[in-house]
Amino acid sequence: MASDGEVKDIHRPDSTKTLLKNEALYEYILNMVVYPREHECLRELRLLTEKHAEGFMSSPPDEAQLLTMLLKLTGARNTIEVGVFTGCSVLATALAIPDDGKVVAIDVSREYFDVGLPVIQKAGVAHKVDFREGPAQPILNDMLADEGREGKYDFAFVDADKENYGNYHEQLLRLVRVGGVLAYDNTLWGGTVAMPDDTPITDDDREIRDVIREFNANIAADQRVEVVQIPIADGITLCRRIV
């Protein structure tokens with residue numbers, strides 16, 4: 001809640017997408033280890049996205065850096081991304097995976113993706129991106145129906161409609177191999193998941209908070225995965241498939 005008593009959205013253009021409450025510490029992290037190692041095309045697309053009216057929806061650069069490290073540590077080659085926006089995390093993924101790797105990038109809006117496509121092409125990794133426009137559930141079902149696709153992906157990143165996270169989880173568990181990783185964004189939703197129920201937040205934030213609380217509880221109890229929740233950016237939940 002704002003100091004003047006006005007209730008504002010958790011995520012908005014004038015807010016930093018980090019759970020750190022010390023802005024100076026966050027800037028230190030960005031300036032010390034994130035910006036100096038940021039690929040020039042990632043920087044270009046980040047700055048371009050910041051000018052977009054919905055730019056606050058994009059994954060922040062420290063999150064992109066984490067995903068890049070995870071992809072390289074796991075040796076990921078074939079990945080899935082549900083929720084693309086302008087393609088910041090898609091570009092980070094395409095830069096991290098081998099030249100013969102592929103990221104299936106799913107989003108309901110081709111218009112948003114086309115904002116970042118020229119930068120992805122400039123980076124020389126457009127051949128690794130398989131963009132598919134439309135609702136994710138039918139597309140994932142089509143992938144499951146494709147003989148030989150189950151268990152063929154190494155990594156999945158989800159940053160889309162929160163009410164369907166549970167459905168995506170069930171589909172992606174079949175598409176991602178045993179030992180592969182599923183990553184879910186925004187699973188702490190600005191810290192609201194731990195706030196008292198009567199905390200003054202917007203109706204939209206309250207609805208999303210409740211959905212994410214339920215998703216988090218279900219993931220914590222899911223014996224098919226090992227789970228870790230990381231308080232970076234807006235909260236990332238990592239699941240390693242073990243069954």
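How do the residues of the lining of the largest cavity divide into nonpolar, polar and charged? Five are nonpolar, two are polar and one is charged. Keep in mind that this is a predicted model. Now look at where those residues sit.

Start with the idea behind the search. Rolling a probe the size of a water molecule over the atoms shows where empty space is left. A cavity is a space where the probe fits but cannot get out, whereas a pocket is open.

Take the cavity. A search of the whole structure finds one cavity of 30 Å³ or more. The largest cavity has a volume of about 50 Å³. Its lining is made up of L67, L71, T79, I80, E81, T93, F155 and F157. Strand 1 gives the most, with three residues.

Next comes the largest pocket. It holds about 820 Å³ of space. Its lining has 38 residues. Find M57, D159, A160, D161 and K162 in the model; these lie nearest the pocket's centre.

Which elements give two or more residues to the lining of the largest pocket? They are strand 1 (78–82), helix 4 (88–96), strand 2 (102–107) and helix 8 (203–220). Helix 8 gives the most, with five residues.

Conventions
Residues numbered from 1 in each chain as written. Predicted model: local features only at pLDDT ≥ 70, side-chain atom pairs only at ≥ 80, totals over all residues. Heavy atoms only, no water. 1 Å grid on protein atoms, 1.4 Å probe; cavity = no way out; pocket = protein on both sides within 12 Å on 5 of 7 lines; lining within 4 Å. Points joined across faces, edges and corners; volume = space filled by probe spheres on them. Helix = DSSP H or I, 4+ residues; strand = E, 2+ residues; numbered from the N terminus. Nonpolar A, V, L, I, M, F, W, Y, C, P; charged D, E, K, R; others polar.
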